[in-house]
Amino acid sequence: MEWNGKKALDVGCWWGWVIRYAREKGAKVVGMDCQASRVNDAVSFLHSSRDLCVADALHIPFPSSTFDVAVSIHVLEHILPEHDMIREIHRVLKPDGVLVISVPNDLSFGVLPYRPLRLLLRGRMAAWLPSLRQYVKSLSYSDLSHHREYTARSISGLLQSNGFQVEKVWQHGLDLPYPLKGRISQRMRQRISLALGKTVPRLFRTSISVKAKKQQRKAG
């Protein structure tokens, strides 16, 4: 990924590690998050409030065709509706701009044992047995704020249907076993994932990332 001289947007920047990395590579990076507390975490980590703002991923506060690169790490699974976030990112990217997006892997080892139960506990079953559904989901993700998770096929299809051409798909991150991941902080899990996620077998990789290029929408 080429960063030098690029203008980049981190959608859901949280504590700012992507911002630091991209700036060290020569990019000018704007970070945004919907929670003020997380923007404050980024200010503390980066020792600066420069180019950081509180903003909603469904209403990105920048003009169309502003950025060369957009990055979003584990944000999309928290958003309803997902298509609107992708369309907003498409809007603010320049022609031929690049999106790098990471989402939870619904086929990782820590999820697979519970996936059949989660599939059963949808629709009417979810309405009848909400507590059981939440319990099963907490076993597999320990994050009940997810609206959905993804496979490589589903995230690629979502991007393609919203004006992006998928260039690369890869898996990374470390899928910590339950209940260990429920006993350490989310930020610490992220640090462990970043440190070890490229060395573990693919089955244990918790994240799917996609690099996609913006395509111009055809006039309808």
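I shall go from the overall fold to one strand and its surroundings, then to ring contacts and some backbone details.

This is a predicted model, in which local features need pLDDT of at least 70 and side-chain atom pairs count only at pLDDT 80 or more, while totals for chains, interfaces and linings use all residues. Residues are numbered from 1 along each chain as its sequence is written, and side-chain values use heavy atoms, with hydrogens and water left out.

The chain has 8 helices and 7 strands. Helices here are DSSP runs of H or I with at least four residues, strands are runs of E with at least two, and both are numbered from the N terminus. Of the 220 residues, 47% count as buried. Buried means under 20% relative accessible area, exposed means over 50%, and partly exposed lies in between, with a 1.4 Å probe and protein chains only. Among contacts with a separation of 6 or more, 71% are between residues 24 or more positions apart; a contact means heavy atoms within 4.5 Å.

Let us turn to strand β1. Since 4 of its 5 residues are buried, β1 is largely enclosed by the rest of the structure. From β1 the chain passes through α1 to β2, and this β-α-β crossover is right-handed. That term applies if, with the strands pointing away from the viewer, the path from the first strand over the helix to the second runs clockwise. On the β2 side, L9 stands opposite V30; in β4, V71 is the bridge partner of D10.

Strand β4 also holds F67, which is buried at a relative accessible area of 1%. Leaving aside neighbours within four places in sequence, the contacts of F67 include K7, A8, L9 and V30, as well as V92, L93 and K94. F67 and K28 are 39 residues apart in sequence, and their C-alpha atoms are 9.7 Å apart in space.

Helix α3, residues 82-92, has several buried residues, among them M85, I86, I89 and V92, together with E82, E88 and H90. The elements that cover them include β1, β4, β5, α7, β6 and β7.

I now come to the aromatic rings. A pair of rings is described by the distance of the centres and the angle of the planes. Rings of Phe, Tyr and Trp (its six-membered ring) pair if their centres lie within 6.5 Å; planes under 30 degrees apart count as stacked, over 60 as edge-to-face and the rest as tilted. A search of the whole structure finds 3 such pairs. One of them joins W3 and Y21 edge-to-face, at 6.4 Å centre to centre and 85° between the planes. W3 lies in the segment before β1 and Y21 in helix α1, 18 residues apart, so the pair links distant parts of the chain.

Another edge-to-face pair is formed by W15 and F45, with 5.0 Å between centres and 85° between planes. Because W15 lies in the loop between β1 and α1 and F45 in helix α2, this pair ties together parts that are 30 residues apart in sequence. W15 is buried at 2% relative accessibility, and F45 is buried at 16%. F45 has a further neighbour: R20 lies over the face of its ring, at 4.1 Å from the ring centre. Elsewhere, the charged end of K168 sits over the ring of W170, 5.0 Å from its centre. A charge sits over a ring if NZ of Lys or CZ of Arg is within 6 Å of the ring centre and within 35 degrees of the ring normal.

Finally, the backbone. Most residues other than glycine have a negative phi, and most peptide bonds are trans. W14, in the loop between β1 and α1, has a positive phi of about 45°, and W14 is buried at 14% relative accessibility. D96, in strand β5, has a positive phi near 65°. A cis peptide bond joins L80 and P81, with omega about -10°; P81 lies in the loop between β4 and α3.

Notes. Pairing = 2+ DSSP bridges.
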